[in-house]
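Please look through the sequence and the structure below before reading on. The report that follows goes from the overall fold to individual contacts between side chains.

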Amino acid sequence: MTKAHKAFNTLYTGMGDTGDTQVIGGWSRKNSSMVNSYGEVDELNSHVGLLRAFVKDSGYPQEIDAELWLIQNWLFD
């Protein structure tokens, strides 16, 4: 193990992982359906962004990109 790896392994926040995460309005279990849905929506938003990049590079009408942009904003909200 290199010196850099050893230094990285010593980094910690001191808080530990209790299985909870902070969300708007308080705390929630990391395995809750609400926290899981945040991740799913975030991943969907990422895929829509990838689709937008494809659409821009493929010469599709600009209206399609505009619709995908709206979808991304809805997902973000």
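The chain has three helices and two strands, where helices (H or I, at least four residues) and strands (E, at least two) are DSSP runs numbered from the N terminus, and along the sequence they follow the pattern α-β-β-α-α. This is a predicted model, in which local features need pLDDT of at least 70 and side-chain atom pairs count only at pLDDT 80 or more, while totals for chains, interfaces and linings use all residues. Residues are numbered from 1 along each chain as its sequence is written, and side-chain values use heavy atoms, with hydrogens and water left out.

Of the 77 residues in the chain, 16% are buried, a term that stands for under 20% relative accessible area, whereas exposed stands for over 50% and partly exposed for the range in between (1.4 Å probe, protein chains only).

Strand β1 (residues 20–23) pairs with strand β2 (residues 26–29) in the antiparallel sense over four bridges; strands count as paired if DSSP finds at least two bridges between them. Val23 has Gly26 in β2 as its bridge partner. The two strands, β1 and β2, form a hairpin with two residues between them, and Gly25 in the turn has a positive phi of about 95 degrees.

The structure holds two salt bridges, each defined by a side-chain nitrogen of Lys or Arg within 4 Å of a carboxyl oxygen of Asp or Glu.

| Salt bridge | N to O distance |
|---|---|
| Asp20 and Arg29 | 2.9 Å |
| Arg52 and Asp65 | 2.7 Å |

The pair of Arg52 in helix α2 and Asp65 in helix α3 (residues 62–76) links distant parts of the chain, 13 residues apart, and both Arg52 and Asp65 are buried. In the other pair, Asp20 counts as partly exposed at 29% relative accessibility, and Arg29 is partly exposed as well, with a relative accessible area of 44%.

A nonpolar surface patch of about 390 Å² is made by Leu51, Phe54, Tyr60 and Ile64; patches consist of residues with over 30% relative accessible area and no salt bridge, with like charges joined within 9 Å and nonpolar side chains (Val, Leu, Ile, Met, Phe, Trp, Tyr) within 5 Å. Leu51, which lies in helix α2 (residues 33–58), is partly exposed, with a relative accessible area of 40%.

A search of the whole structure finds one aromatic pair. Phe54 and Tyr60 form this tilted pair, at 6.3 Å centre to centre and 45 degrees between the planes; rings of Phe, Tyr and Trp (its six-membered ring) pair if their centres lie within 6.5 Å, and planes under 30 degrees apart count as stacked, over 60 as edge-to-face and the rest as tilted.

How values were computed:
Accessible areas come from the Shrake-Rupley method with a 1.4 Å probe; for residues, only the protein chains shown count as cover.
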